[in-house]
Amino acid sequence: MTQVTDFSVMAQDGQPFSLEAYRGQVLLIVNTATGCGFTPQYQGLQALYDRYRDQGFAVLDFPCNQFKGQTPGTAQEINDFCSLNYQTTFPRFAKIEVNGDQADPLYTWLKSQKRGRMGRRIEWNFAKFLINRQGQVVKRYFATTKPERIARDIERLLGEK
């Protein structure tokens, strides 16, 4: 059975990074954008990370420029924006595509595990996937779901061993 830790993604420096590093953790995987109406969700994502990271939780940030070009810029420019405006410290990876022929394999798998309003397509920036400690997708949230509304689900998964 495939699990999230079976995937490698690109780190911001363009080097392969194995998600095996997150084995046994609860994860919230999010495709983000720096110029979107939902961009203020970075604040809520950071609050979740601050609150639960010592219990084995991480937010994994995958910038994506597929939705009206709302994530322009280099990795450094994205980092600077997020650090200065939202003080983010959770892991951020290289910019990816989440839909279409060039979709990252991680996102192809995530979408196959939990369908959204548009079936297997990511509908917009800030779609979120919650992963349990066993590396399985347990829930998909729409872009409109504010991070604070996910806290109870995270707590439930952190309580499971």
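## Helix 1

How many residues does helix 1 have, and how far does helix 1 reach from its first C-alpha to its last? Helix 1 is made of 12 residues, and the reach between those end C-alpha atoms is 17 Å. At 1.5 Å a residue, 16 Å would be expected, so the span comes close to that value. Please keep in mind as you read that this is a predicted model.

Next, look at which parts of helix 1 are hidden. The buried residues in helix 1 are Gln 41, Tyr 42, Gly 44, Leu 45, Gln 46, Leu 48, Tyr 49 and Tyr 52. What covers them? Among the elements lying over the buried residues of helix 1 are strand 3, strand 4 (57-63) and strand 5 (128-131). Helix 2 (75-86) and helix 4 (151-159) are also included in that cover.

Cys 36 carries the annotation "active site" in UniProt, where the entry is unreviewed. Is Cys 36 buried or exposed? Its relative accessibility is 10%, so Cys 36 counts as buried. Setting aside residues up to four places away in sequence, Cys 36 touches Gln 70, Trp 124 and Asn 125.

Thr 39 has a relative accessible area of 3%, and because buried means under 20%, Thr 39 is buried. Which residues does Thr 39 contact, leaving aside neighbours within four places in sequence? They are Ala 33, Thr 34, Phe 81, Tyr 86 and Phe 126.

## Phe 7, before strand 1

Now move to the segment before strand 1 (8-10), where you will find Phe 7. With a relative accessible area of 14%, Phe 7 is buried. Not counting residues up to four places away in sequence, Phe 7 touches Thr 2, Phe 17, Ser 18, Leu 19, Pro 105, Leu 106 and Trp 109.

How does Phe 7 lie relative to Ala 33? These two residues are 26 residues apart along the chain, and their C-alpha atoms are separated by 22 Å.

## Salt bridges

Side chains of opposite charge can pair when their charged atoms come close. How many salt bridges does a search of the whole structure find? The search finds 7, and a few of them are described here.

One of these salt bridges joins the side chains of Asp 153 and Lys 139, with 3.4 Å from N to O. This pair links distant parts of the chain, as Asp 153 belongs to helix 4 and Lys 139 to strand 6 (residues 137-141), 14 residues apart. Asp 153 is buried, at 15% relative accessibility, whereas Lys 139 counts as partly exposed at 36%.

Arg 53 and Asp 50 also meet through their side chains in a salt bridge, at 3.8 Å from N to O. Arg 53 has a relative accessible area of 37% and is partly exposed. Asp 50 is partly exposed as well, at 41% relative accessibility. Another salt bridge pairs Glu 160 with Arg 156, where the closest N and O atoms are 3.6 Å apart. Glu 160 is partly exposed at 35% relative accessible area, and Arg 156 is partly exposed at 44%.

Note on methods: Residues are numbered from 1 along each chain as its sequence is written. This is a predicted model: local features need pLDDT of at least 70, side-chain atom pairs count only at pLDDT 80 or more; totals for chains, interfaces and linings use all residues. Side-chain values use heavy atoms; hydrogens and water are left out. UniProt positions are given in the numbering used here, feature names are shortened, and annotations may be inferred rather than shown by experiment. Buried means under 20% relative accessible area, exposed over 50%, partly exposed in between (1.4 Å probe, protein chains only). Contact means heavy atoms within 4.5 Å. Helices (H or I, at least four residues) and strands (E, at least two) are DSSP runs, numbered from the N terminus. A salt bridge is a side-chain nitrogen of Lys or Arg within 4 Å of a carboxyl oxygen of Asp or Glu.
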